[in-house]
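Take a guided walk through this two-part model.

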Amino acid sequence: MKNRKAKNWFLMLLILSLFLLMACILAVCTGSAGIPVQKIPDILINGEGTVEHSILFSIRLPRLLLALSIGGALSLAGVLLQGMFRNPLVEPYTLGISGGASLGVCLNIIFKWYITLGVIAYPLSGFLGALLVIAIVYSISIKKGDLKTNNMLLIGVMISFVSSSVVMLLMAVSHSEDLHSIIFWIMGSLDEPNMILVRISIIVSIAGLILSYFFCLDLNALALGEEEAIHLGIQTERTKRFLFIIASILTGMSVSVAGIIMFVGLIVPHFMRMTAGPDHRILLISSFISGAAFLTVCDVISRTIVAPLELPVGVITGIIGGVIFIYVLSRKQVSL
Amino acid sequence: MTEAILEIDHLSCGYGTKTIIHDVSLKVVAGEIIGIIGSNGSGKTTLLKSITNIVRPEKGKILFQGRTIPSIPRNELARKMAVVGQTVEPAMMTVQEYILLGRLPYFKRYQFMETKKDILLAERYMALTDTDKVKDQLMSQISGGERQLASIARALVQEPTLLLLDEPTSHLDITHQAQILGLIQRLNQELGLTVLMVVHDLNLAGEYSNRLVLLNKKNGHIYQIGTPEEVLTEKSIQDVYGTPVVIEKNPRSGKPCIFLATQNTI
C-alpha cells in the first residue's frame, strides 16, 4: 500500500513538473518578439549584448519567476486555509487580506506616497495594509489563547466588506488618473516586476512551502475535526496559528507584489484535491507546482490574446480557471 | 486491589456558565470495562470530554497513571488514550487512510510516511472490525455503521491502554453491536485494555461492563457505582430515568435484563 501510494505520488509530481516545464518554455518563447525554443541555449551561452538576451533576462525571466512564485504562493495559501477551516469555499482573499492590501495601495495612490518612496511604495503600502488586517483578524479571533476559526472567518469576511467599501469610497472621490491606477492595480498584473520584489516573492513562497510541509500531517488530522485531531495528539492551536500566519504572509506578499489575482487560490487546490487526493503530503506540493504553472500559462494568454495590448492576468485566471473547473466538476460528478 | 489507571477526584465541569457534572469521583482500575449510563443530558459525554481535556474542570482534578491530564503532552496522551466519538466525520479520505491516522501519535519528528508496522497494525484491526472490505472506499461513501467500525479500528491502531467510547454501537445493527462489544471484551481480556464507555442501551451496558456508573441528571452527581446487578435495579432506573421497568436475569449470562413496564406487562 505504501509503495503504491508513493508510486502514484511520484507519477503525479512527474506529470506536474513536465507541465510546469512546458509552461516555462511557453512563457519564455512567447511574446511580441518570439524566441524559438532551439535558440534559447545559444542565447543563454553566447547571446550577451543581443536584443534577445536582454528580452529574456530583463523582461521574460523576471516575469516568469514572479508568475511561478505568486501562482505557487496563492495556491498554497488556498490549500492551507481550506484545510484549516475545513471549508472548500475559503480562499486566500476570504480573510480580508486582499481588502487590506487594496486599501493600503489606494491610500498610497491618493496621497501620492510613491512620489517620495518610489516604486516600492506600491508593494510596501499593500503589504502594510495586509499586515494590519492580519493583526486585526488574529487579535479579535483569539479568545483565551484559542483561535476560533469560525469567528476568524466571519471577521475576515466582514473586514473584507468594510475595506472594499472604503476603497470604493476613495475611488468615488479620487481624480480620474488616480482612479485608473487603482483599478489597474486591483485587477492584478505581473508586468514590469522589480528584481528585488521577484527575489522576495521567490524566497517567501519557497519558505512558505517548506514550513507548511511540516504541518501536512496535522492538516490531514484536522480534516476529521478539531476534537478528533486533539485525540490524535495534534497541537491544534499551535498548528492553526502557524498556518494562519504562513497563509497570511503568502497572500499579503502576493497581493502587494502583483495586485489581486483572483481564483488561483480557490480553483487550483480544488482541482488538485480531485486529481491528487485530499492527503496534504501530496496536496501541498502538487498545488504549489500546478498553481505556478497555471498562473504562468494565464499570464502568457493575458499578454498574447489581444497583443500588442495586455489584459489583466486576474481576468484570465477567473475566466479560464472557472470554466475548466465547472467542466471538470460536471464531468466527474465530484462533490466538494 | 490493583492501582487505579484513571482517577477522577471531585470533578465539576460543564460548558460556559452551566455546570453539568457536580463533584464526581471515580477510580478506574486497569483492565476494567466501565459503562457510563444515565439519561440524556446527564453529563456522560461531558465526563468523557473532561477526561480528554476538551472540557476543562471547574473544580477537582483528573489523574491518568498518577499525572494530571493537562501535564501530559498531547502526543503522549494519544499513545495511551484513544477516543471513539459519537459521530464520525465523513471525510474525503479512504477508510484505510482514515484508520492509518491513528498512528500519528507514533510519528517521529520529520517523519512523513507510515512504517511497515503502522500498515500491518492497520490491516490487523481492519480485519478485526470488518472494515477491510471497504478499505479503499471513501469515508463519505460508506454507511454510518461502517464509519463507526472504522473509528473503532482507528482508535485500536493507536494501541491505547485506555479506550474511551462514546456510544460506540449507536449506529450499528445487532450483529455489529455484538461483534464490536465482543471485540472490546476480547481485547480487554487478552491485552488488558481498560475501557470506559458511554452506553445508552442499558442491556448492552449491563452485559459487557464489569462496573456501571449511573449519572443523575437532576443534580449532576453519580447516583450509583457498582456491578450491573447492583446498579440496574427497578428503583434506580425509576429514580434516574423516571420510567418503570421490570428487571429479569439473562438466562445465558445471568446479567440483568431490562424490560419496559408497559401496561401489558404490569
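B:Ile247 has B:Ile258, in S12(B), as its bridge partner. The two strands involved are S11 (residues 245-249) and S12 (residues 256-260) of chain B, which run antiparallel and are joined by five bridges. Strands here are DSSP runs of E of at least two residues, helices are runs of H or I of at least four, and both are numbered from the N terminus. Two strands pair if DSSP finds at least two bridges between them. Six residues lie between the strands of this hairpin, and B:Gly254 takes a positive phi near 80°.

A word on the source. This is a predicted model, in which local features need pLDDT of at least 70 and side-chain atom pairs count only at pLDDT 80 or more, while totals for chains, interfaces and linings use all residues. Residues are numbered from 1 along each chain as its sequence is written, and chains are lettered from A and ligands numbered from 1 in the order in which they are written.

Now the open sheet of chain B. It has six strands in the order S6-S7-S8-S3-S9-S10, with mixed pairing. S6 (81-84) and S10 (222-226) of chain B are the edge strands, each pairing on one side only. On average, neighbouring strands are turned by 15° against each other, direction ignored. Within the sheet, S3 (residues 33-38) and S8 (residues 194-198) of chain B pair in the parallel sense over four bridges. B:Gly35 stands opposite B:Met197 in S8(B).

Helices cover this sheet. Helix H1 (residues 44-51) of chain B lies across S3, S7 (162-166), S8 and S9 (211-215), running at about 145° to S7(B). Helix H5 (residues 144-157) of chain B touches S6 and S7, and its direction makes about 175° with that of S6(B). Such angles run from 0 to 180 degrees between N-to-C directions, and axes are lines fitted to C-alpha atoms, for helices over the stretch in contact. Contact means C-beta atoms, placed from the backbone, within 7 Å.

Another helix of chain B is H6 (residues 174-191), which holds B:Ile184. Is B:Ile184 buried or exposed? B:Ile184 is buried, because 22 other C-beta atoms lie within 10 Å. The cut-offs are 20 or more such atoms for buried, 12 or fewer for exposed, and partly exposed in between, with C-beta atoms placed from the backbone. In chain B, 43% of the 266 residues are buried. Chain B has nine helices and 12 strands in total.

Chain A has 15 helices and two strands. Its radius of gyration is 20 Å, close to the 20 Å that the globule rule gives for 336 residues, so chain A is as compact as a globular protein of that length. The radius is taken over C-alpha atoms, and the rule is 2.2 Å times the number of residues to the power 0.38. Of the 336 residues, 48% count as buried.

Helices H3 (residues 51-85) and H12 (residues 236-258) of chain A pack at about 145°, with axes 9 Å apart. The contact residues divide into 17 nonpolar, two polar and one charged. Nonpolar means Ala, Val, Leu, Ile, Met, Phe, Trp, Tyr, Cys and Pro; charged means Asp, Glu, Lys and Arg; the others, Gly among them, are polar.

Finally, the chains meet. The contact takes 19 residues from chain A and 22 residues from chain B. On the chain A side, helices H10 (216-222) and H11 (226-231) each supply at least two residues. That side divides into nine nonpolar, five polar and five charged residues.

Key: Two residues are in contact if their C-beta atoms, placed from the backbone, lie within 7 Å.
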